[in-house]
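Biologist: Hey, I've never looked at this one before. Can you walk me through it?

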Amino acid sequence: MRLNKLFASMLFVGASFSGNALAETFQPFKVADIQVEGLQRVALGAALLSLPVKVGDTVDQLKLQQAIKSLYASSNFENVEVSRDGDVLVVTVKERPTISAVTFEGNKDIKDEQLQESLDGSGVKVGESLDRTMLTGIEKGLQDFYYGVGKYGAKVEAQIINLPRNRVELKFKFTEGLAAEIRQINIIGNTQFSDAELIGMLELKDYVAWWDLFGERRYQKQKLQADLETIKTYYHNQGYIRFDVTSTQVAMTPDRKGLYITINVNEGEKYKVKEVNLTGDLMGREPLMRAILPIKDGDMYNGSDVTFTEEMYSKYLGRFGYAYPEVKTYPEIDDETKEVTLNINIKPGKRVYVRSINFSGNQVTKDEVLRRELRQMEGAWLNSAQVELSKSNLNRLGYFETVDTETIQVPGTDDLVDVAFKVKEQPSGSFNAGVGYGTESGVSLQLGVQQSNFLGTGNQAGINLNTNKYSKSANLSYTDPYWTKDHVSLGGSVFWSEFDANQANLERYKRNSYGVSLTSGFNLNEYNRINGGIGYRHDGISETSAYEQALRFYNIYRESDDPNASLDFNNFELNLGWYRSTLNRGTFPTDGSSQRLSGKMTVPGSDLQYFKTDFDTNFYFPLTRNHSFVFLTRAHLGYGNGYGKFNDNDQILPFWENYYSGGSSSLRGFKSNSVGPRSFYLYRGSEPCGPDVAGESCSLPGEPNSIQVSSGRSVGANAVATASMELIVPVPFLDEAYTNSVRTSLFVDAGNVWDTEFDYNSYRYLPADEFAKLSDYSDPARIRASWGMSVQWLSPMGPMIFSLAWPIKEYEDDETEIFSFNIGKTF
């Protein structure tokens with residue numbers, strides 16, 4: 001029979017009180033055995049370990065209280081009762097229920113993932129035991145969050161739904177309500193700057209124009225704190241070093257739907273810099289550190305300049321292994337002369353060395369591919385410039401959406417760190433051609449796979465089998481960018497293709513080609529690279545229309561009078577190129593520039609002797625610190641021509657090597673390959689007519705006035721010049737996680753394609769109205785221009801481009817295309 005049964009159902013604080021209340025009736029005894037009842041999930045051994053009483057101990061009032069507190073402290077039980085049965089200590093417990101599920105209802109401002117992450121930090125998650133005492137605090141914390149964003153009518157309720165086997169479902173019900181709007185923002189105490197000027201800097205707004213679709217007057221506590229710092233920084237940058245925000249009031253309207261914000265400021269007066277002193281350990285580099293000092297005696301005080309100077313010196317010291325320098329500015333303010341002396345104290349600290357460099361996030365790309373791009377070496381002192389350069393090199397690979405670095409101090413040391421690179425991979429394979437649609441060109445289907453990070457090795461491989469209504473091709477290529485450890489690359493390709501220009505909106509001809517090539521390259525430095533190669537190419541040309549530009553080529557090389565006769569050419573080609581890049585990323589860069597100069601020519605003695613040279617340049621200028629707005633300029637120049645003679649005729653550029661323009665890759669708003677000279681035919685009746693050698697009359701019999709010019713399709717030309725200006729802007733309504741894979745821009749394109757070698761003047765014998773149809777074709781000033789917007793998305797299928805463009809300068813014979821969509825086009 002159990003005697004002197006004691007009940008203790010209390011929290012830690014209550015245990016002491018209950019024990020004292022029972023002190024008069026409790027008699028100490030020696031414990032012969034301990035029994036624990038009510039255990040389900042918790043093991044008996046774990047319960048006994050939490051009990052500070054052992055068999056053989058003598059139990060008194062104090063030890064009883066300690067036992068109860070200890071069991072509660074184990075976080076396993078929500079109720080504990082202790083009783084005595086003879087010399088047996090009986091502990092009856094009720095375990096905390098296990099959380100079987102956590103659900104949310106009614107939350108819109110906070111995502112489920114954010115809520116669960118917050119609860120995980122408090123130990124409230126599926127599989128853990130439920131501490132009911134924590135729920136009130138969690139409810140209040142969530143409610144305070146809603147108050148912080150202006151939703152003062154919000155309510156949060158935690159519901160516990162009991163389930164079998166001592167399990168519970170925890171449900172959080174949210175009643176968010178409407179956010180209180182800012183009715184008015186008042187700034188009191190400002191005399192140097194107007195209310196409108198200061199309020200215009202704030203992120204919080206008390207007025208939003210009707211046309212501002214993204215503006216809002218919603219109050220957020222965090223934004224208010226940031227706005228106060230914005231005002232303070234602005235005054236400090238104008239010389240008001242004594243400026244201070246003396247108080248802030250946020251008053252709510254009686255209906256709890258509106259807010260009035262009042263900001264009280266004390267401006268003070270402007271101060272100038274009397275002198276700048278560099279103190280501390282300057283490591284013998286004071287002359288250089290003073291030479292690069294951006295603040296001069298007599299300058300108006302500027303808080304941003306002070307911050308910039310501190311960061312600049314910290315980065316400078318970081319280049320020499322001082323990873324944790326302390327650079328602080330101590331101003332001495334003279335209120336009488338309104339001058340401030342800046343004492344910049346520099347403490348380099350201890351030189352730090354790199355123990356190891358680690359990578360994470362590279363599920364596909366091998367560590368060695370990343371490691372060969374590093375300029376910071378293990379075992380060397382930590383160089384912040386080399387770490388940043390390593391980060392830039394990884395970004396420029398184009399394999400990663402983001403690259404982040406972190407310096408981690410080795411525990412127990414003050415001179416060793418580990419450098420961690422965390423990367424987020426993105427699709428590195430794409431279609432080099434794909435699905436296209438234009439309002440004029442319709443749908444085209446192609447297939448081609450290019451992998452720039454083949455099997456995570458960093459090598460480039462491509463197997464392209466493309467077919468559409470105007471071309472068929474097969475190409476096998478492979479390049480090892482690190483054929484040697486000195487970054488000498490080696491690659492090669494084998495190709496075959498058939499092309500029907502008539503189906504590609506070009507003047508009619510067919511070309512069958514096949515060949516092989518070998519390429520190699522090496523780096524001059526971190527930003528410049530030289531590439532070169534040699535190859536063999538066979539071209540078979542047939543079924544060419546008898547337009548004048550093609551006849552000029554056929555008159556040199558054909559063996560019969562039939563312009564439709566097939567011509568075959570075997571050529572050996574040399575390629576040479578220079579590439580420079582300071583871009584911060586390989587895909588969707590936002591800062592830096594790139595230039596590419598390339599040229600190719602056939603080897604003397606080949607069937608055709610010609611050359612082509614191209615120059616491309618891109619400049620990215622970030623307009624904001626976070627690079628959300630970027631200004632881009634780019635240009636392309638190209639020129640080609642023949643060299644040497646063939647049968648006493650000057651060789652010319654083959655017409656299938658001509659430059660074209662128009663479409664999503666150059667002049668948007670114009671149909672693909674449509675910009676530039678068009679073919680033309682001369683007819684007298686049904687007979688073709690060509691120019692006389694002397695240029696005086698038509699070589700066919702009849703009256704010259706009866707000759708007519710018939711314009712055909714685009715034939716391209718040997719010179720091209722295009723340029724673009726783009727404003728890259730944030731994508732509306734897009735989650736921040738996708739900013740590195742989706743890009744929106746507003747653009748203006750301009751350019752032209754023209755022929756510098758075809759002699760249009762030899763046709764001046766034509767009637768004036770007919771010759772007028774040709775005169776513009778040789779004019780490089782016949783520039784087309786367009787404007788519009790473009791959305792680019794790096795999808796798993798490859799790059800996708802959507803464009804809307806409208807011509808702002810065009811000619812009667814131009815073909816326009818307002819909307820275009822492509823998958824697989826290279827940016």
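This is a predicted model: local features need pLDDT of at least 70, side-chain atom pairs count only at pLDDT 80 or more; totals for chains, interfaces and linings use all residues.

Biologist: OK, and how far apart are the end C-alpha atoms of H3?

Modeller: They are 19 Å apart. H3 covers residues 61-73, and its 13 residues should span 18 Å at 1.5 Å a residue, so the two values agree.

Biologist: Which residues of H3 are buried?

Modeller: Gln61, Leu64, Gln65, Ala67, Ile68, Leu71 and Tyr72. They cover an arc of only 160 degrees around the axis, so they sit on the same side of H3.

Biologist: Why would residues a few places apart point the same way?

Modeller: An α-helix has 3.6 residues a turn, so residues three or four places apart point the same way.

Biologist: And what's exposed on the other side of H3?

Modeller: Leu62 and Ala73 are exposed there. Leu62 also comes up at the start of the helix: a side-chain oxygen of Asp60 reaches to within 3.3 Å of the Leu62 backbone nitrogen.

Biologist: Switching topic. In what order do the strands of the open sheet come?

Modeller: The order is S6-S8-S7, three strands with mixed pairing. S6 (98-105) and S7 (155-163) are at the edges with a single partner strand each, so one side of each has no neighbour in the sheet. From one strand to the next, the twist averages 20 degrees.

Biologist: Mixed how? Which way do S6 and S8 run, parallel or antiparallel?

Modeller: S6 and S8 (residues 167-175) run parallel, joined by seven bridges. In that pair, Val102 stands opposite Leu170 of S8.

Biologist: And how many bridges are there between S7 and S8?

Modeller: Nine, and those two strands pair in the antiparallel sense. There, Val156 stands opposite Phe174 in S8.

Biologist: Last thing. Which helices lie across these strands?

Modeller: One is H4 (residues 112-121), which lies across S6 and S8 and runs at about 145 degrees to S6. Another is H5 (residues 135-148), lying across S7 and S8, at about 145 degrees to S7.

Biologist: So which strand do I find under both H4 and H5?

Modeller: That's S8: H4 lies across S6 and S8, and H5 lies across S7 and S8.

Technical notes: Residues are numbered from 1 along each chain as its sequence is written. Side-chain values use heavy atoms; hydrogens and water are left out. Two strands pair if DSSP finds at least two bridges between them. Helices (H or I, at least four residues) and strands (E, at least two) are DSSP runs, numbered from the N terminus. Axes are lines fitted to C-alpha atoms, for helices over the stretch in contact, and angles run from 0 to 180 degrees between N-to-C directions. Contact means heavy atoms within 4.5 Å. The expected span of a helix is 1.5 Å times one less than its number of residues. Buried means under 20% relative accessible area, exposed over 50%, partly exposed in between (1.4 Å probe, protein chains only). The arc is that of the directions from the helix axis to the C-beta atoms. A polar contact is a pair of N or O atoms within 3.5 Å; within protein, one must be able to donate a hydrogen and the other to accept it, and residues adjacent in sequence count only if both atoms are side-chain atoms.
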